[in-house]
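Here is a briefing on one protein model. It starts from a single residue and then widens to the whole chain.

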Amino acid sequence: MSRKQKLKIIIDLLLTVFLLLLMPYGMVGEAAHEWIGVGMLLLFIIHHILNRKWLRGLAKGRYTPLRILQTTVVFLILAGMIGSAVSGMILSSHVFDFLDIRGFSAPARVVHMLSAYWGFVLMVLHLGFHWGMITGMMRRAFPEPSPRRTGIARIVAAVIACYGCYAFIKRDIFDYMFLRTHFVFFDYSEPLVFFILDYVAVMGMFVFIGYYLCRGLAKSGRKREK
């Protein structure tokens, strides 16, 4: 593995961790949330610089249904990141307080909620699209095939995905995504680790969906080419 590939993996891992830490903002505090958001934005920029070859290839090649889906998700993530960054700066009480643009706070709160929750789902779905790279690394780490190990991994993934579906409903993420409520509820008596674990499970669910959706579209595309 090249140094650049290792750097990409580190950046993507940090992006995942920062994304996770951004969700319990009411439990970690406004100042910490804002600094984590700044870190997330910087990592996002670095991620795209490291993947600039993909960006240069957008106008080349044939667009299959899978490629259309992947590209659409990437641009929606970009829109969400811009929405989160701009609205976050407007709402900032710490890092960008010097901008003094509070007059736009009401619409900024709506944009920030939409960008945050849609961004969370789309970024994890995007991670699922590329989960094959992770499974490929695991196969190289354990070159000897093991049906038992594969079966156990699939069962664990399915269990996480099922609990993730429950956590998605329990945490009202659907309501936040579609503005069925304009205020995020936090139970401050709940240990932060329980909140994080629920969101990890939700991540697992969307990785599961993204991975198998990607595999299904790729398989369908190969059949049409025959």
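**Serine 92 and the overall fold**

Serine 92 sits in the loop that joins helix H5 (65–91) to helix H6 (105–129). Helices here are DSSP runs of H or I with at least four residues, strands are E runs of at least two, and both are numbered from the N terminus. This is a predicted model: local features need pLDDT of at least 70, side-chain atom pairs count only at pLDDT 80 or more, and totals for chains, interfaces and linings use all residues. Residues are numbered from 1 along each chain as its sequence is written, and side-chain values use heavy atoms, with hydrogens and water left out.

**Around serine 92**

- Serine 92 counts as buried because its relative accessibility is 1% (buried is under 20% relative accessible area, exposed over 50%, partly exposed in between, with a 1.4 Å probe and protein chains only).
- Its side chain makes a polar contact with the side chain of glutamate 34, at 2.7 Å. Such a contact is a pair of N or O atoms within 3.5 Å; within protein, one must be able to donate a hydrogen and the other to accept it, and residues adjacent in sequence count only if both atoms are side-chain atoms.
- A polar atom of the serine 92 side chain also lies 2.8 Å from the backbone nitrogen of phenylalanine 96.
- Setting aside neighbours within four places in sequence, serine 92 is in contact (heavy atoms within 4.5 Å) with Glu34, Asp97 and Arg102.

**Cysteines**

- The structure holds 0 disulfides (pairs of cysteine sulfur atoms within 2.5 Å).
- The closest cysteine sulfur to that of cysteine 165 belongs to cysteine 162; at 7.5 Å, it is too far for a bond.
- Cysteine 165 counts as partly exposed, at 39% relative accessibility.
- Cysteine 214 counts as buried, at 12%.

**Whole chain**

- The protein has 10 helices and 0 strands.
- Its radius of gyration, taken over C-alpha atoms, is 19 Å.
- The C-alpha trace spans about 60 × 45 × 35 Å along its principal axes.
- Of the 226 residues, 34% are buried.
- Among contacts with a separation of 6 or more, 77% join residues 24 or more positions apart.

**Confidence**

- Mean pLDDT (the predictor's confidence in each residue, from 0 to 100) is 91, and 98% of residues reach 70 or more.
- Confidence is lowest in helix H7 (residues 131–141), at a mean of 79, and highest in helix H9 (residues 173–177), at 96.

Notes: Rg over C-alpha atoms; globule rule 2.2 N^0.38 Å.
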